[in-house]
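Let's take a walk through this protein model together. Have a look at the picture, and then we'll go through some of its details.

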Amino acid sequence: MKHSQYSVQQRARGCIEEESLINQKLPKELLLRIFSFLDIISLCRCAQVSKPWNLLALDGSNWQKIDLFNFQTDIEGAVVENIARRSGGFLKKLSLRGCQSVGDNALKTFAQQCHNIEELNLEECKQITDATCVSLSRNGRKLQRLELASCSNITDESLKALAEGCSNLVHLNISWCDNITEKGVSALSRGCNKLKSFVAKGRLFIDNDSVMHLAEYCPLLEVLNFNGAASITDDSIQKLAQNCPNIHYLCVSGCANLTDTSLMALAQHCHKLSTFEAAGCSQFTDGGFQALARNCHYLEKMDLEDCVLISDNTLTHLAAGCPRLEQLTLSHCELITDDGIRQLGMAPCSAEHLTILELDNCPLITDASLEHLVSCHNLQRIELYDCQLITRAGIRRLRNHLPNIRVHAYFAPMTPPPPVGGSRQRYCRCCVIL
């Protein structure tokens, strides 16, 4: 036992001597540089080694980027305030995503101490209110990126405050902030005309006026997400396309009032478009996608789920005009047949780039479509749920050619045959019981 204790003491003494030697041999500037590569956990551990290392680990220059998402359940306001005082003007990027115990008081201290903050993530910080954005407006002049998704207490007053004090803002996410209206978006557009990215998923009150204000005052926009903004029409998308030609990501999923007129405008003005999400846009037709494919040759990702009017002609145009296509969703596009998949399979994009193809609920797709895809050597995943004409044998043949592909399919249990000699029952067994 004594020998064991002596060995432990020797090792401890050796570590202390090594640490002391490092401190003597290396200048503080170099030690700080080494510490700057450590994550939060490693810095906290180093801070417990000795007083010199405590000073080095807690030096503000090592706390320029902090992500507390993994500690969200333990983070309270006092922690944020301590971090703010420690890092001060060094802190440029902070993520408090999911830290629901953090409120306005802590963020007021943060804004006062960390005036050089450039990126701030407050997603799902349920306790913050407009007071936080007012504090940021007064102190965060260098703020460029702000995440406020699911901050349910945020209102138009927050956007007005940001417009007044955060003119360098280039990215804002207000998804699922249900108390924001067109008035807030209008004020933001006028004050933050450097905006390049605006995300407003699930915002039912994003209307034509909101989009038109963004189009008029924010010509640098590149990324826009209006998922669920059911009331917007072609007029707003036309103006957006005309005024913001640099758009490369656009989501209009759930915007069921849009027609081919919107696609024509995007085709005419937004040639840099690379991601286009239009799930549920049931009025889009082959004609609109023909125009898009002719002019938007950088398209890489397209979500056309529930675009129920498109047919094989759309796939013909995409195959010919979009050589970079990587991901394509055609779920519930019930007019797509094997011939459309054949056109896609022969396209240059398929052999080189196509990695994901979703064909759920395409009732006319058969095993022949899978045969047309065997030359898509980079295909990583295919979705075939409720494709009733696809068989297990067809999937096996596809896997013989593409052994690493992930195939997601469902085969319903076979319906038992009707009894011989008897008439077919009008109701199934479940309905009879009911």
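Let's start with Asp 367, which counts as buried at 13% relative accessibility. (Buried means under 20% relative accessible area, exposed over 50%, and partly exposed in between, using a 1.4 Å probe and protein chains only.) Keep in mind that this is a predicted model: local features need pLDDT of at least 70, side-chain atom pairs count only at pLDDT 80 or more, and totals for chains, interfaces and linings use all residues. Residues are numbered from 1 along each chain as its sequence is written, and side-chain values use heavy atoms, with hydrogens and water left out.

Asp 367 forms a salt bridge with Arg 397, with the closest N and O atoms 3.7 Å apart. (A salt bridge is a side-chain nitrogen of Lys or Arg within 4 Å of a carboxyl oxygen of Asp or Glu.) Asp 367 sits in helix α17 (residues 367-372) and Arg 397 in helix α18 (residues 392-401), so this pair ties together parts that are 30 residues apart in sequence. Helices here are DSSP runs (H or I, at least four residues), numbered from the N terminus.

Arg 397 is partly exposed, at 37% relative accessible area. Arg 397 also forms a salt bridge with Glu 371, and here the closest N and O atoms are 3.0 Å apart. Glu 371 is partly exposed too, with a relative accessible area of 37%.

How many salt bridges are there by this rule? The count comes to nine. One of them joins the side chains of Arg 342 and Asp 339 (2.6 Å, N to O). Both of these residues lie in helix α15 (residues 338-346), three residues apart, or about one turn of the helix. Elsewhere, Glu 358, Arg 381 and Glu 383 are linked in a network of salt bridges.

## The nonpolar core

Now for the greasy part. The largest nonpolar core has 115 residues, and those with the most contacts inside it include Phe 110, Phe 276 and Leu 292. (Such a core is a set of buried Ala, Val, Leu, Ile, Met, Phe, Trp, Tyr and Cys residues joined through side-chain atoms within 4.5 Å.) Another core, of five residues, lies apart from it, with Leu 32 and Trp 53 among them.

## Two helices side by side

Helix α11 (residues 234-243) and helix α12 (residues 260-269) pack at an angle of about 0°, with their axes 9 Å apart. (Axes are lines fitted to C-alpha atoms, for helices over the stretch in contact, and angles run from 0 to 180 degrees between N-to-C directions.)
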